[in-house]
Amino acid sequence: MTAETAAAPPSTPVLPRGGRGPASDPSAPLSPDKVLFTDIQLPLYDPTEPATFDIVVVGSGPAGLAVADRVAQAGFKVLIVDPNPLAPWVNNFGVWIDEFELMGLADCLDYTWDRALVYLNSESDGARYLKRPYGRVDRPKLKRRLLERCIASGVMFHRAKAKDVSHGGGRSTVALEGGQQVSGSLVVDATGHSRKLVEFDKPFNPGYQGAYGIVVEVESHPFDCGTMLFMDWRDDHLDASPDVKARNEKLPTFLYAMPFSPTKIFLEETSLVARPIIPFPELKLRLEKRMQHLGLKVLKVEEEEFCAIPMGGVLPMRPQRVIGIGGTAGMVHPSTGYMVSRVLGAVPLVADAIIDQLSSVSDKATDGHLQRAPRSDAEAAAMSAAVWRTMWPVQRLRQREFFEFGMEVLLKLDLAETREFFAAFFALSDYHWHGFLSSRLSFLELIAFGLSLFAKSSNAARINLLQKGLPGLVVMLSRLATLR
Ligand SMILES: Cc1cc2nc3c(=O)[nH]c(=O)nc-3n(C[C@H](O)[C@H](O)[C@H](O)COP(=O)(O)OP(=O)(O)OC[C@H]3O[C@@H](n4cnc5c(N)ncnc54)[C@H](O)[C@@H]3O)c2cc1C
């Protein structure tokens, strides 16, 4: 069960997210509305002529497609298994443009804003403009680019849903719904937040970013189309609803909005992080109250998004035979919910580690594309372990501990404290707040970030941060001592 379906109330129409193929017959034809790229001919694997693969990648989200392409480019046989590789990606991904520019993906944004805006409160000095351009990912364009690259590099596709994985004789075999199976020297689990194949040795205990969003056509809206509304913590729209206002003061949510044109906008009521998740009906109610307050007249709802992103919590067991990447590998930023840029940025490193493990010694010397097929489970386990080490080196683990500490602090803040926190956060140097949000700061830089945040906070906020942060700080320090 995905995090989304687990979190949604039974009557809530959760949007399909790729992984919902027909349960009984994964190879049955898909309804036309689930296929976006009708002109793309995928090279399909024919199970009646079984082939051996170097890697089987389960999942064709951003993580799966990007890693499959890079490994196939190096000459290895790669199979992607997904019930519907041509389905549209439904999440509205937002990214900082500098992150996408660095990866040569700036043309894969369909809307961009020169700056972002944060409203801490409704006071005249409550607005903070952030001079960092923001963009919405052009989902069809990015997915098409990754699919076309995969096809060009020789990746094969199999439309099926993975059920399970088993290992023996140095190979890993993925059992598929419908009874078939496929096997590879290594298996990569890129099934996102459904975490289908990776294993955990401790209870999975994340916080959740919950959000209810809509893309709407409206008669008009009050937002500037050159500015993305990153966070709006104002709550005067709840003055006439004291019960909702009281709930919001305790468990605050903010408005995240992307104005596309004077009459089209994405509005999302977002809980930065909560445990348990704030239920979708509550998020929807709060958004409706904001919209009434803003006087928005909706002409058409084009998209509806139910967002439940697991944040932080334990990482999958490391090492383990199945390699995880993306949502399955705990790569979501535990204090923000962002992941797309981080995963696309990490793919070269992780894919190159896979390539290195799959290359025979002589291949490394001659570049003769001699695949190394592991001859025993011990050899295959050592190969996977090397890849896990590359994905989660000690520096990244330390950084994640810090983010996790940040998440635990955020989980405890009420509305007033959250406002204080972000007043200090956005008063930091660009280097610090950009770096924090983009997972770019090393652990030592994060310590400097934390001290600077403390220095920028008001006296009341400092006392509060000390009270709420101290237990988490102790936990973080004890965990850091055990990291290898
Ligand atoms: C609503 C929402 C909004 C988000 N917005 C942002 C954002 O604005 N910015 C950001 O950086 N991050 C965002 N995230 C977080 C994260 O970037 C996304 O979740 C991202 O899609 C994760 O990529 P992925 O490749 O790991 O997994 P996914 O994109 O979830 O892809 C998983 C793939 O695995 C397939 N699959 C699942 N189960 C199986 C199975 N059993 N067998 C075979 N295939 C299977 C699915 O069909 C799917 O194609 C958002 C997440 C959500 C849920």
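User: Before we look at this predicted model, what makes two strands count as a pair?

Analyst: Two strands pair if DSSP finds at least two bridges between them. S4 and strand S7 (residues 134-137) have four bridges, so they meet that definition, and their pairing is antiparallel.

User: What makes S3 and S4 edge strands?

Analyst: The open sheet has three strands in the order S3-S7-S4, with antiparallel pairing. Strand S3 (94-96) and strand S4 (109-113) each have a single partner strand, so one side of each lacks a neighbour in the sheet. On average, neighbouring strands here are turned by 30 degrees against each other, direction ignored.

User: Why are the buried residues of H11 said to line one face of the helix?

Analyst: Happy to walk through that one! Helix H11 (residues 415-425) has Thr418, Arg419, Phe421 and Phe422 buried; the cut-off for that word is 20 or more other C-beta atoms within 10 Å. Viewed down the axis of H11, the buried residues fall within an arc of 160 degrees, so they line one face.

User: Which elements do the buried residues of H11 pack against?

Analyst: They pack against strand S5 (115-119), strand S13 (227-232) and helix H14 (459-482).

User: How do you know that domain 1 touches domain 3?

Analyst: Contact requires C-beta atoms within 7 Å, and eight residues of domain 1 are in contact with 11 residues of domain 3. The domain 1 side divides into three nonpolar, four polar and one charged residue. In the domain assignment, domain 1 covers 3-89 + 140-204 + 313-392, and domain 3 covers 395-482.

Technical notes:
Residues numbered from 1 in each chain as written. Predicted model: local features only at pLDDT ≥ 70, side-chain atom pairs only at ≥ 80, totals over all residues. Domains from an automatic or database assignment. Contact = placed C-beta atoms within 7 Å. Nonpolar A, V, L, I, M, F, W, Y, C, P; charged D, E, K, R; others polar. Buried ≥ 20, exposed ≤ 12 C-beta atoms within 10 Å, placed from the backbone. Helix = DSSP H or I, 4+ residues; strand = E, 2+ residues; numbered from the N terminus. Arc of directions from axis to C-beta. Axes fitted to C-alpha atoms, helices over the stretch in contact; angles between N-to-C directions.
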